[in-house]
Amino acid sequence: MSALVWQIGTVREIRPETAKVKSFTFSLPEWMRHRAGQHYDLRLTAPDGYRAQRSYSIASAPERESAIDLTIERVEDGEVSTFLHETVIVGDRVELRGPIGGYFVWDATQRGPLLLIAGGSGVVPMMSMLRHRAAARSGVPARLLVSSRTIDDVIYRAELDQLASRRDGLEVFHTLTRAQPAGWTGYARRIDDAMLAEVARPSAKDALAFVCGPTAFVETAATGLERAGFAATRIKTERFGPTGT
Amino acid sequence: MPELFVTRGFSGRPRAAGAPKDRIPPGQHLVSDFPVLSAGPTPRIDLAKWQLEVNGLVRAPVRWSWQEFLALPAEDFTKDISCVTTWTKLDTKWRGVSLDALLERVQLDPRALALVAACYGGYTTNLLLSDVVNGQAFIGYEYDGKPLPPDHGGPARLVVPHLYFWKSAKWIRALRVVDEDRPGFWESNGYHIRGDPWKEQRYTGDP
């Protein structure tokens with residue numbers, strides 16, 4: 001494999017997803033097809049040479065050519081995420097290097113079923129997988145469970161509704177941990193074994209599970225899936241701590 | 001170095017804050033907490049069944065139970081550590097057994113070149129022997145004066161502080177001595193074969 005080079009991506013679009021989360025579309029001079037679940041490194045350089053670098057999951061499908069979407073949560077005191085949220089505008093250029101990572105990835109040619117468990121912005125790599133699944137017209141059964149604080153914190157809510165409405169074997173479950181709107185019919189608590197067992201039930205034997213979110217969330221989810229009958233080798237995890245800016 | 005591409009509007013954090021520059025490798029930033037990263041669920045290992053083995057190209061494999069392992073000469077280590085996800089943590093405090101102490105209890109075959117660190121849960125990583133001898137690596141079982149918690153690799157993990165922290169394999173089970181430096185888990189999934197933070201050896205193909 002040849003080395004990944006830094007290239008200069010140009011911001012083509014910035015879309016707010018929630019109050020704290022924005023999606024950035026970068027066009028890339030040397031776009032390379034990624035695998036859903038991979039990430040890019042993004043690097044900022046100050047005039048005196050000071051640099052700050054972070055990794056961000058790709059949100060777009062590999063079928064979308066010549067550009068990538070990165071969905072980035074603004075982290076309190078996050079040096080890079082704060083800059084991207086507050087200072088970057090369409091037309092700005094930043095250095096990017098990727099796609100990176102060969103483990104937390106899913107391809108529509110793989111057998112399912114697929115079980116995706118996301119905490120907060122942990123849904124970003126799952127979105128790449130689901131957009132890829134839709135673009136590839138895959139009928140692999142898939143279930144997504146997303147944990148968010150409130151309805152307004154749900155990232156990609158409208159698109160997830162739309163994807164689920166295709167009735168092509170994808171089911172989306174939400175849990176809202178802090179507050180629920182009137183008439184809410186989804187889950188209303190932090191993830192636990194009972195919830196995981198319900199969401200995992202039809203598929204526990206042969207499904208491939210992906211879990212992404214804050215460390216404590218991932219620990220709970222991965223342990224719960226093991227108790228629901230998943231082999232540890234069928235559970236792929238990706239964690240971000242409070243410093244994962 | 002190629003010409004610097006300066007990001008419009010970016011000045012970064014005040015430079016005075018933080019630690020001496022010579023302790024933070026390029027592309028890294030300081031953290032004060034201890035983030036957890038792993039590829040799968042956290043294994044829970046029964047100490048009664050735990051064992052550590054050195055095998056492969058040695059005259060006779062050696063295996064330690066938990067009690068036997070604790071009886072080996074332990075040392076305190078204070079080390080800076082860097083994760084490929086760009087965090088660096090200074091002055092982490094460990095207690096453990098140096099790999100020198102383990103390797104002097106086996107007789108290495110003349111062909112011995114590298115180690116495969118194999119773990120409970122199935123993780124593996126590769127290390128050159130030249131990266132783990134002479135005080136460069138240890139099996140840590142206490143962190144900050146307390147037993148190493150499972151999510152950080154407890155009961156015991158390999159610690160190789162001068163390489164990116166994916167080389168510091170959690171839940172260590174065996175060190176297999178081999179004559180070839182073959183990629184382990186992350187090294188087969190896009191990450192660098194050696195992983196020196198000061199050379200920014202993050203991904204496959206980096207210099």
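Domain bounds in this report come from an automatic or database domain assignment. For chain A, that assignment gives domain 1 (7-100) and domain 2 (114-240). The structure is a predicted model, in which local features need pLDDT of at least 70, side-chain atom pairs count only at pLDDT 80 or more, and totals for chains, interfaces and linings use all residues. Residues are numbered from 1 along each chain as its sequence is written, while chains are lettered from A and ligands numbered from 1 in the order in which they are written.

**Overall form of chain A**

Helices (H or I, at least four residues) and strands (E, at least two) are DSSP runs, numbered from the N terminus. A residue is termed buried if 20 or more other C-beta atoms lie within 10 Å of its own, exposed if 12 or fewer, and partly exposed in between, with C-beta atoms placed from the backbone. The radius of gyration is taken over C-alpha atoms, and the globule rule is 2.2 Å times the number of residues to the power 0.38.

| Property of chain A | Value |
|---|---|
| Secondary structure | five helices and eleven strands |
| C-alpha box along the principal axes | roughly 55 × 40 × 30 Å |
| Buried residues | 47% of the 245 residues |

The radius of gyration of chain A is 18 Å, in agreement with the value near 18 Å for a compact globule of 245 residues. Two residues are in contact if their C-beta atoms, placed from the backbone, lie within 7 Å. Of the contacts in chain A with a separation of 6 or more, 72% join residues 24 or more positions apart.

**Domains and helices**

The centres of domain 1 and domain 2 of chain A, taken over C-alpha atoms, are separated by 24 Å. In chain A, 15 residues of domain 1 are in contact with 13 residues of domain 2. On the domain 1 side, the elements that give two or more residues are strand S1 (7-18) and strand S5 (67-73) of chain A.

Helix H4 (residues 193-200) of chain A has A:Leu196, A:Val199 and A:Ala200 buried. These residues lie on the same side of H4(A), because they cover an arc of only 90° around the axis, the arc being that of the directions from the helix axis to the C-beta atoms. The buried residues of H4(A) pack against strand S7 (114-119), strand S8 (142-148), strand S9 (170-176) and helix H5 (215-227) of chain A.

**Contact between chains**

The contact between the chains takes 41 residues from chain A and 35 residues from chain B.
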